[in-house]
Amino acid sequence: VQLQASGGGLVQAGGSLRLSCAASGRTFSNLAMTWFRQAPGKERELVAGIESVKGRFTISRDIAKKTVYLQMNSLKPEDTAVYYCAARVGVTRTTRVEYDYWGQGTQVTVSS
């Protein structure tokens with residue numbers, strides 16, 4: 001399974017970005033895909049588990065296209081990080097060690 005992420009970049013605080021991640025290669029019908037992020041000097045964390053992004057970030061999936069999206073609105077400087085898509089066979093889990101496949105990471109920088 002290969003994961004290709006896109007959509008990162010530089011945005012001003014309050015702006016929006018949408019990240020996409022498409023799976024290719026040998027894929028599975030029950031491939032769970034999600035997003036992590038890693039800020040400088042911090043551990044990689046599951047985006048869906050971050051309290052500060054709730055109400056601003058939305059993860060959606062297009063099963064037919066084998067693609068997962070991360071819509072990020074009202075971005076803040078503290079959202080600056082490298083964003084990674086991740087996948088595993090089965091259901092979504094919360095820790096990075098439970099994911100077998102990773103995208104290359106896409107940088108999101110939010111300026112104040």
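**Strand pairing, core and pocket**

Analyst: In this predicted model, Arg-61 has Val-68 in E7 as its bridge partner.

User: How many bridges join E6 to E7, and which way do the strands run?

Analyst: E6 and E7 are joined by 6 bridges and run antiparallel. Another pair there is Thr-58 with Gln-71 of E7.

User: What lies between E6 and E7?

Analyst: The two strands form a hairpin with 4 residues between them. In the turn, Lys-66 has a positive phi of about 55°.

User: Which sheet do they belong to, and what is the strand order?

Analyst: The sheet is open and has 4 strands in the order E1-E3-E7-E6, with antiparallel pairing.

User: Which strands stand at the edges?

Analyst: Those are E1 and E6 (57–62). Each has a single partner strand, so one side of each lacks a neighbour in the sheet.

User: Then take E1. How many bridges join E1 to E3?

Analyst: There are 5 bridges between E1 and E3, and the two strands run antiparallel. Within this pairing, Gln-4 has Ala-22 of E3 as its bridge partner.

User: Where do the side chains of E1 point?

Analyst: They alternate along the strand.

User: Changing topic: how many residues are in the largest nonpolar core, and which have the most contacts inside it?

Analyst: That core has 26 residues, and Trp-35, Met-72 and Tyr-83 have the most contacts inside it. The elements giving two or more residues to the core are strands E1 (2–6), E3 (17–24), E4 (31–38), E7 (67–72), E8 (81–89) and E10 (106–111).

User: And the largest pocket: what is its volume, and which residues line it?

Analyst: Its volume is about 210 Å³. The lining consists of Thr-27, Phe-28, Ser-29, Leu-31, Ala-32, Met-33, Arg-61, Asp-62, Ile-63, Lys-66 and Thr-67. Lys-66, in the turn of the hairpin, is therefore one of the lining residues as well.

User: Which strand gives the largest share of that lining?

Analyst: The largest share, 3 residues, comes from E4. Both E4 and E6 supply at least two residues each.

Definitions and conventions:
Residues are numbered from 1 along each chain as its sequence is written. This is a predicted model: local features need pLDDT of at least 70, side-chain atom pairs count only at pLDDT 80 or more; totals for chains, interfaces and linings use all residues. Side-chain values use heavy atoms; hydrogens and water are left out. A nonpolar core is a set of buried Ala, Val, Leu, Ile, Met, Phe, Trp, Tyr and Cys residues joined through side-chain atoms within 4.5 Å. Buried means under 20% relative accessible area, exposed over 50%, partly exposed in between (1.4 Å probe, protein chains only). Two strands pair if DSSP finds at least two bridges between them. On a 1 Å grid over the protein atoms alone, a cavity is a set of points where a 1.4 Å probe fits but cannot get out, and a pocket is an open set with protein on both sides within 12 Å along at least five of seven lines; lining residues have an atom within 4 Å of a point. Grid points are joined across faces, edges and corners, and a volume is the space filled by probe spheres set on the points.
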